[in-house]
Amino acid sequence: MEGVDYLRDERSKAQFDVETMKVAWAGSPEAFLVCDRMAKLVANDPVFEKFSKPMLGRKELFKNTLRKTAHAWKLVNDLHLTEEEAKWLRHYIDEPSYTDLQWEMFVPALEGQGTEEQKKKWVPLAKTMQIIGTYAQTELGHGSNVQGLETTATFDRQSDEFVIHSPTLTSSKWWPGGLAKVTTHAIVYARLIIDGHFYGVHGFIVQLRSLEDHSPLPGITLGDIGMKFGHGTYNTMDNGVARFDRVRIPRDQMLMRVSQVTKEGKYMKSNVPRQLGYATMVSVRQTIVSDASKALSRAVCIATRYSAIRRQFGSRDGGPETQVLDYKTQQSRLFPLVASAFAFRFASDWLKLLYTDVKQRLEVNDFSTLPEVHACTAGFKSLTTAATAEGIEECRKLCGGHGYLISSGLPELFAFYVPACTYEGENVVMLLQVARFLVKTVSDLGNKQPVGTAAYLGRASLLVQKNCVVQTAEDWLNPIAILEAFEARAARMAVGCCQRLAEFKSPEEGFAELSSDLAEASLAHCQVIVVSTFIRRLQQDIPGRGVKQALEVLCNVYALFLLHKHQGDFLATGYLTPKQASLANDQLRTLYSKVRPNAIALVDSFNHTDHYLSSVLGRYDGNVYPKLYEAALKDPLNDSDIADGIHQYVQPILKQKLHSSKL
């Protein structure tokens, strides 16, 4: 029935104030108001309708996205939206578009790597959309290894120009969003060559298309790289390929904030430290972690609401069957994912503070925290994206067969999110970067005290000897006991790797041989940081009836679930006994019972509109089955009772006339 809240009874069980929890999730009252306003603006605008997307072909999908993007830009100007409001508007439109690269990579690169003169010229053009840019770094043959890029930028002293060239097939720029059909400019990363000498990889502003008729400029070949995983998702965007045949650009279109090439062909480094680029890196990775929490929150919102509506088995005396959400097997798979969404959200909030700190330090040439910051952000990127991709797929399975339907919203969400595991750094490569930091930190313990997120390693000698003192299941509710367990496990794994590395003839040989162990040690280190960040968040003032208590339960669920999942590490390192691991699991089951009455209220706290979720199973009102039936009837295959092709290909089989039919 329309207008009926089928989840009303579930919402009445909430033991905390949902509206205050919404603010805790958003980060502040001001942030909540902005998000809420933009979400409703998009949901109530028919131009941004999403439910017909699965029925569209590739060209229709692309054109539809162009229409939505143009409408969004019109709203930004007509309503005089701030940059923050515009960012959330694009987020809730929920459709990959060429503007993603414009605002997330092209403009930040201009601002971070351009000189004051270059910024004065190019940034206003980009921010007013008089030019549309993309970020062309990845090539057909190289991704994570930036120093292996093959595109060249050779300086021609006579003409005072750079010659941009793709010398091989594998040097073709491959993947940049918007590159195939839309963008007019790109920041192209290429090998700087002066008089035959290589001076590293640098960024160059290259115009790709005529601003008059949008055709590719001479010497530039552009195209789309083809369909991607899923149906809608990134197939709404023209990820492209570009090849350059000796394309000339003015010398002043090399991004020259950190290093310059003079008219005479002299390569010079400015007094601006190259490490300034780390601030942009921290900002990008903070966004990735934040996006992980948002994507995971969508999946768990859908799965939790549907699990409360769905009933299977357990009927007694003809009464109703048991809600799927009441089964412990469902809770043990779903509730840790709810907790993870909150953990990642608070981790991204902490990364925002880290970004501010890094910027301030860099401005006064303080680079002391950069190695730790690089390791932390690389590790967070890997941990959160991998867990989120796995979590979305788990939520699909938690919804049973209906989760496989496009109308559930989960297949498309998975297809949309899973590229995060490889873009901006492949996840295992990211963990190995963390490993190098850990190895250096442990190796320097006698001379240098670690700080920040690695400070616990300063107590490594104690942590490798100390054993867990937990005696009861209730002891696992003590945040000190939880954090020490994670620190001891991570410290022992890091120290163990360093000891084994010392047995090899060369560090690189050892690193290659032990790379799997090092990646696992890095993951353990990153989990220490996420758990400690969650615990610190709970030490702050959190207003609202029952809000802090509900978050404390989720924090414990997150930590003890990880302990259970990785108990092999905790046992193998000798910190825990099997009995203590069993007590942790006992406490985890008790915690699931505490989450259960709050389950629907917790996912309501994400404040997701039905438009944003784009899921029949995750509807706010819980009216799943009638709407699922309606969605099925809208499929084009249901336009007629007898489908096209039946008479031509099926009837001849039924009538035993296949031999004489014209196939």
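Me: In this predicted model, why are helices α10 and α16 called roughly perpendicular to each other?

Reply: Helix α10 (residues 370-398) and helix α16 (residues 515-538) pack at an angle of about 95°. Angles of 65 to 115 degrees count as roughly perpendicular, and α10 and α16 therefore get that description. Their axes are 9 Å apart.

Me: Which residues make the contact of α10 with α16?

Reply: On α10 they are Cys 376, Gly 379, Phe 380 and Leu 383. On α16 they are Leu 523, Cys 526, Gln 527, Ile 529 and Val 530.

Me: What makes a space a cavity, and not a pocket?

Reply: In a cavity a 1.4 Å probe fits but cannot get out, whereas a pocket is an open set. The count comes to 3 cavities of 30 Å³ or more. The largest cavity holds about 130 Å³ of space. Its lining has 16 residues, and Trp 25, Cys 35, Tyr 92, Arg 345 and Phe 606 lie nearest its centre. By class, the lining of the largest cavity has 8 nonpolar, 4 polar and 4 charged residues.

Me: Which helix gives the most to the lining of the second largest pocket?

Reply: That is α22, with 5 residues. The second largest pocket has a volume of about 830 Å³ and is lined by 31 residues. That lining divides into 13 nonpolar, 6 polar and 12 charged residues.

Note on methods:
Residues are numbered from 1 along each chain as its sequence is written. This is a predicted model: local features need pLDDT of at least 70, side-chain atom pairs count only at pLDDT 80 or more; totals for chains, interfaces and linings use all residues. Side-chain values use heavy atoms; hydrogens and water are left out. Axes are lines fitted to C-alpha atoms, for helices over the stretch in contact, and angles run from 0 to 180 degrees between N-to-C directions. Helices (H or I, at least four residues) and strands (E, at least two) are DSSP runs, numbered from the N terminus. Angles under 35 degrees count as roughly parallel, over 145 as roughly antiparallel, 65 to 115 as roughly perpendicular and the rest as oblique. Contact means heavy atoms within 4.5 Å. On a 1 Å grid over the protein atoms alone, a cavity is a set of points where a 1.4 Å probe fits but cannot get out, and a pocket is an open set with protein on both sides within 12 Å along at least five of seven lines; lining residues have an atom within 4 Å of a point. Grid points are joined across faces, edges and corners, and a volume is the space filled by probe spheres set on the points. Ala, Val, Leu, Ile, Met, Phe, Trp, Tyr, Cys and Pro count as nonpolar, Asp, Glu, Lys and Arg as charged, and the others, Gly among them, as polar.
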